[in-house]
Structures are given as structure tokens and as C-alpha cells.
Amino acid sequence: MDGIIILDKDSGVCSRTAGWHIAKIFGEKKFGHIGTLDPMASGVLPIAVGNATKMIPFIEDFCPNKKEYLFGLKFGIETDSLDITGNTINTNDFIPTDADIKNACDKLVGEINQIPPVFSAIHVNGKRAYELARNGESVEMTPRKITVYELEYAGKNDKEYNFRVVCSRGTYVRAIVRDIAKLCNAIATTTYIKRTQTNGFYIKNAVKLDFLENLVNNGGNANEYLQTPDCALGDIPVINLDDKETLFYKNGGFIKTDVASGQKRVYCNKTFIGIGCVNDGFLRPKRTL
């Protein structure tokens with residue numbers, strides 16, 4: 001079973017655990033997730049199983065870089081992890097006005113330098129930052145250049161303030177919450193994060209893990225929810241081979257061609273073979289299923 005499940009991950013489940021469950025459903029040992037979601041975050045997490053894992057680097061490089069999240073925050077509380085799962089380190093009673101919140105959002109739109117949370121998987125001196133933080137060690141995070149395309153304040157429910165953001169890869173929503181509060185001369189922590197779009201995958205096409213498990217346990221077929229390995233490679237041009245060329249190509253052979261240079265999606269009789277690269281008039285295998 002080679003393909004991709006567009007998973008709607010539940011909060012409280014780490015990305016790798018979710019991937020392991022998906023692989024088990026399809027009887028595969030190999031799996032990989034396209035991007036990562038924090039355990040407390042929910043939403044779109046594409047999981048590749050079987051040989052589809054070979055396509056993950058190409059999906060990440062060639063698919064749309066924009067990601068969309070819905071998230072909430074609560075003012076007056078600050079935690080070490082920047083979300084409600086962390087330890088409270090500061091509290092106060094200050095609540096900014098809606099005008100101040102909208103003004104803060106406007107200031108964060110564009111290309112900005114964002115300081116990642118200390119509780120993150122970024123490597124610092126050979127170790128994960130969150131490991132150092134949990135051991136009580138001081139961690140200095142290096143700012144990263146990211147792009148916030150849209151940041152919208154969507155109003156509040158009781159004491160929870162809701163937002164929508166469209167941003168580039170590498171953006172930490174928890175850091176956006178921290179920075180919104182800072183620009184309002186306030187403190188806040190993240191109450192929820194839900195990813196609704198990533199790398200060309202959308203929440204409307206996503207499926208829950210418990211739904212798939214219940215389906216299989218009751219004799220149903222989960223294969224109809226398995227997307228083809230090339231489902232998110234639409235921006236890469238196509239090149240078609242005949243049966244003889246395909247056999248030669250799969251054995252590492254170079255195929256003479258007059259198509260333009262660059263990465264190609266390679267097919268034989270509408271069957272996806274993998275990714276090749278045309279250079280100096282020859283199609284060369286790069287990653288073959």
C-alpha cells in the first residue's frame with residue numbers, strides 16, 4: 001500500500017504516533033509525516049505510507065509553501081511552553097482592546113524575524129531545544145526569517161480570543177501568540193491550534209484516525225481514503241515513457257529526450273513511476289517507486 005492519508009490529527013497525539021497508527025492500518029512498516037504538528041495542535045497532517053515516503057522531500061520542496069492555522073489565546077497568563085499544556089510562569093489582569101489586538105496583527109504581517117519557542121524540536125548544540133528546557137537549562141533561540149501572509153483577528157468567545165493565520169513553513173503559531181501579546185504590552189498563552197491547510201492538503205479532504213480504525217475493525221476498506229503518491233506533485237512537469245523505456249529507466253538507465261531540463265514526474269501508461277531529472281538531453285532517475 002503506497003499512498004498518502006490526509007489525516008485530521010486530534011490534539012494530544014504526537015505526529016509520529018499518528019503516523020504509526022496509519023501505517024498499521026495499511027499493513028506498512030514505512031511511514032513519514034509531511035510536516036509536523038505539536039502534540040497539542042490538531043488538524044491537517046499528511047501521512048505517507050510505503051514507497052510514497054520517497055516523495056516526501058519533493059512534496060515539501062515543490063508544493064505550495066503556505067500553511068493556514070486557526071488558533072486561540074488567553075490573555076493574562078504566560079506559560080513556559082507558550083501554550084496551555086505548559087507551566088504557568090506569570091499572570092496579570094490586563095486585557096488589551098480589540099483595536100490594540102488588530103493593530104498588533106497588522107504589525108506581524110509580512111517577512112519578519114521570529115524567535116522560535118524554547119519548547120520546540122529545533123537542535124541547539126546537538127540537542128533538541130525542548131530537552132534542554134525540560135532539564136532546566138538556559139536556551140537561546142536564534143531568530144528565523146518567516147513570512148506571515150495574513151493574520152486576522154476573528155473575535156472572542158468569553159475569555160478566548162480567536163485568530164486565523166496564513167504563513168510560511170517554519171512559522172510557530174505559539175510564537176505568534178507571544179508576539180501579539182508583547183505588541184499589546186500584555187501576556188498570553190495559546191489555547192488551541194488547528195491546521196487547516198499545508199503543502200496543498202486541505203482540512204476538507206482530511207479524515208480522522210478513529211474513523212479509519214473503526215472502518216477497518218468493522219470490515220470496511222480504508223483504501224478509498226488513500227491518495228496516490230503523486231497527489232501533491234502537480235507543479236512538477238510530466239514525462240511519459242513506453243514499456244521498454246520504463247524497464248531500462250527503472251534499472252538506472254538514462255533516457256534520451258528533447259524536453260526541457262529540470263525535475264519531472266515520470267509515468268508509464270498513466271502509472272506513476274517516480275521523480276526524474278532531465279539534464280544535458282537525458283532523463284535520469286532521481287527517486288523511483
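**Briefing: sheets, strands and a buried threonine**

An open sheet of 5 strands runs in the order S14-S16-S17-S18-S15, with mixed pairing. Strand S14 (238–241) and strand S15 (255–256) stand at its edges with a single partner strand each, so one side of each has no neighbour in the sheet. This is a predicted model: local features need pLDDT of at least 70, side-chain atom pairs count only at pLDDT 80 or more, and totals for chains, interfaces and linings use all residues. Residues are numbered from 1 along each chain as its sequence is written, and side-chain values use heavy atoms, leaving out hydrogens and water.

**Whole chain**
- The chain has 7 helices and 18 strands; these are DSSP runs numbered from the N terminus, with at least four residues for helices (H or I) and at least two for strands (E).
- Of the 289 residues in the chain, 47% are buried (under 20% relative accessible area, 1.4 Å probe, protein chains only).
- Along its principal axes, the C-alpha trace spans about 75 × 50 × 35 Å.
- Among contacts (heavy atoms within 4.5 Å) with a separation of 6 or more, 69% join residues 24 or more positions apart.

- S15 pairs with strand S18 (residues 282–288) in the antiparallel sense over 2 bridges; pairing requires at least two DSSP bridges between the strands.
- Ile255 stands opposite Leu283 in S18.

**Strand S11 and its partners**
- Strand S11 (residues 160–167) is mostly covered, with 7 of its 8 residues buried.
- Strand S4 (residues 67–75) pairs with S11 in the antiparallel sense over 7 bridges. Tyr69 has Val165 in S11 as its bridge partner.
- Strand S10 (residues 144–157) also pairs with S11, antiparallel, over 7 bridges. Here Tyr153 stands opposite Phe163.
- The hairpin of S10 and S11 has 2 residues between the strands, and Asp158 takes a positive phi near 60° there.

**Thr189**
- Thr189 sits in strand S12 (residues 188–198).
- Thr189 is buried, at a relative accessible area of 1%.
- Its side chain makes a polar contact with the side chain of Thr79 at 2.9 Å. A polar contact is a pair of N or O atoms within 3.5 Å; within protein, one must be able to donate a hydrogen and the other to accept it, and residues adjacent in sequence count only if both atoms are side-chain atoms.
- A polar atom of the Thr189 side chain also lies 3.3 Å from the backbone oxygen of Leu82.
- Leaving aside residues up to four places away in sequence, Thr189 touches residues including Gly72, Ile77, Asp83 and Val177.

Methods: Buried < 20%, exposed > 50% of the residue type's maximum accessible area, 1.4 Å probe, protein only.
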